[in-house]
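Here are my notes on this one, jotted down as numbered points. Have the model open while you go through them.

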Amino acid sequence: MPFKLLCMTSVIAITATASAAEMNFNRISSFATFANNQDATAESSAEIIGASGDGMTLVYSDSPLGVIGLIDITDPTAPAAKGNIDVGGEPTAVSVLGNIAMTGVNTSESYTVPSGKLKAFDITTKEEVASCDLGGQPDSTAIAPDGSFVVVAIENERDEDLGEGGLGQMPGGYVVTLGIENGVPVCDSMVQIEVNGLAEIGADDPEPEFVDVNGAGEIVVTMQENNHVVILDRTGAVLNHFSAGSVDLTDIDATDERGALLFNQTQEGRLREPDGVQWIDNDHFAIANEGDMDGGARGWTIFNKDGTEVFESGSSFEHAIIQHGHYPDKRSDAKGAEPEGMEFANFNGTPYAFILAERASVVGVYDVTDPSAPVLAQMLPSGIAPEGAIAIPSRGLFVTANEADLIEGGGVRSHVMIYEYQEAPASYPQLTSSGADELIGWGAISGMVAGEAGIVYAVNDSFYGFQPTIFTIDTTVTPAQITNALPVTRGGAAAQKLDLEGITLDGAGGFWLASEGRTDRMIPHGIYHVNGDGEITQEISLPAELLAVEQRFGFEGITLIDGTLWMAVQREWADDPADHVKLVSYNIETAEWGAVLYPKATANTGWVGLSEIVGHNGDIYVVERDNQIGDNAAIKMVYRVSGEQMVPAALGGELPIVSKEVVYDLIPDLKSANGYVVDKVEGLAIFPDGTAWVSTDNDGVDDSSGETFFWSIGNL
């Protein structure tokens, strides 16, 4: 249901229950940047992104490869590779005018001898049409709306490993402008604009970070490390300058306590240290307060160019991130979600600011019709680490460039993601804690079980090892809503040494939980009973027959059938034949253990295992999946095992092998979100009428985009 949360001076109005007449941004496609590479195994990255004048070609900077990449979006639902252009150095930014891409190129031999160029390329012929020596290391670029000039921030960045990594490392940075003729920058028109002596912090070592130009030809410059903002004209006149200031943050998590979402801390006088900046009209601009050395205010701010603060998001942007399950807990002691990049554009007469949270991998879409009271209209899922964005209002498109390429760890690749402004309901989120009576942080959803009246109960896994929790989820609303978070406790304190991977009802108001052990971390395999208050009342360890053959990958899911608990073991243990895993039974009354063997698929790449088990109408349903992601994902399935086969044999002897039948292939559903197929399908809940819900584990937003899929696969 719609709701409003007043926080600071903003109004959050997130809802996915849009009427048919409501306009929303929805993801329609994604493009993995390695598709542009001759060597698909090479690291690549989409960082800053622009679009051709006709909006048919995207151009992004790719620092690892030293190129700018091109994507054909004639059909935005099917982006196609157009190849790369070698720029002869490290591209730091790209701006496009017509068919000419202007890119800052870092050619520095060291931090103390910085150098760089502004190069221009015809994206049709891929030929270089201009190369201008900038005299220093460029960062961002921006082209005036009338196409008359281009501005470049010359950062001359410091060596963060030198001494304490602070300011005072010469040479300082500056800003340059170059006139444009016939669509090409004119090198001998370059004006070097000094900005030293302006900031209170590091006045002799300015580091311009980001630039933008308004309709009046005025330039706004953020100097992140200096915590300063400068307004210039193209000739070099300083029209105004002022400190970016600080923010008093409340209700945040400022401690990396390794596994708990606790939003009860404050930070007073937190320097904004802005990165991205965008004009929203000729008088107002917005900054993204990422932080660098000593700051990072976790939100964004709107200023009048006269230096007046018009709007401050405070903690509200990060709170929306928390409610959507995207909070990066491992960054709590640093700068939290780190709003970094941003974009601004008008769509159908509505002015929108797009705020990119780099560490949360999500985009906040704000209606800034009133710059003093922006309204958070949507949160968009993005790839990992959104760095740049471009809006193409003429085509109703918004695009993000996501820089993280996790090829070394076998993870997801860098992606460009495309969204369309549609007359349609918002497709994201599918699960949120927005609207709950209190701020509920969540993530890493694993096991699930269906309750009554559309309620699903779910547990989080060991990523939040200091905060094991049972979540109550209302599936009768759209998006599904987390309404309560019940701590799992032992002796009244948060229970430790658990990796909760399964939950089932005990029939008396409590729950049975399955914990996947890991001996090398002294986490035991076990079954736990908790009462309705979340307190552990019984702990059941594994019998000697199982402990003698145990491996790391243990119980994933638990279900209760006629007084017997059944647990799925994820992967083979020492006594299992290849491609077979145990479904383990435990009779609650007699304390007898047993098992059957389940035949799982053979993995062509990586491994295949079970991640959930659910009893329904006398049969057993399991989720079987591989550990692959993106295009490599091949197996994300729901199977059924008939109940008459579930006759356990004694442990230590020969176990009967059950047969399975296909119920549902989850990959088409995962692809329908138009991102990439995630690896961890972890939860399955089936209501008495056969309606089934499935969820994915977002790994606590650690090397993950944070996107959680939570959806019904219909009636089984």
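This is a predicted model: local features need pLDDT of at least 70, side-chain atom pairs count only at pLDDT 80 or more; totals for chains, interfaces and linings use all residues.

1. Take valine 152, then. Its relative accessibility is 0%, so it goes down as buried. You'll find valine 152 in strand E13, which runs over residues 149–154.

2. What does valine 152 touch, once neighbours within four places in sequence are set aside? The list has Leu118, Leu134, Pro138, Ser140 and Thr141, and then Tyr174, Val175, Val176 and Leu178. Phenylalanine 210 is worth a look as well: 58 residues separate it from valine 152 along the chain, and the C-alpha atoms of the two are 8.4 Å apart.

3. On to the cysteines. The disulfide count is one, and the link is between cysteine 132 and cysteine 187, with an S to S distance of 2.0 Å. The angle about the S-S bond is -80°, and the link is left-handed. Cysteine 132 sits in strand E11 (residues 127–133), while cysteine 187 is in the loop between strand E15 (184–185) and strand E16 (191–194), so the bond ties together parts 55 residues apart in sequence.

4. Cysteine 187, at 34% relative accessible area, is partly exposed.

5. Of contacts with a separation of 6 or more, 53% are between residues 24 or more positions apart.

6. How does the overall size look? For 716 residues, a compact globule would have a radius of gyration near 27 Å, and the protein chain, at 27 Å, agrees with that. Along the principal axes, the C-alpha atoms fill a box of roughly 85 × 55 × 50 Å.

7. As for the surface, 62% of the 716 residues count as buried. The accessible surface of the protein chain is about 25200 Å², and carbon and sulfur atoms hold 46% of that.

8. Last, the charges. I'd flag the tally of 33 positive and 107 negative side chains in the protein chain. The centres of the two sets are 4 Å apart.

Technical notes
Residues are numbered from 1 along each chain as its sequence is written. Side-chain values use heavy atoms; hydrogens and water are left out. The radius of gyration is taken over C-alpha atoms; the globule rule is 2.2 Å times the number of residues to the power 0.38. Buried means under 20% relative accessible area, exposed over 50%, partly exposed in between (1.4 Å probe, protein chains only). Contact means heavy atoms within 4.5 Å. Accessible areas come from the Shrake-Rupley method with a 1.4 Å probe; for residues, only the protein chains shown count as cover. Lys and Arg count as positive and Asp and Glu as negative; His and the chain ends are not counted. The place of a charge is taken as NZ of Lys, CZ of Arg, CG of Asp or CD of Glu. Helices (H or I, at least four residues) and strands (E, at least two) are DSSP runs, numbered from the N terminus. A disulfide is a pair of cysteine sulfur atoms within 2.5 Å.
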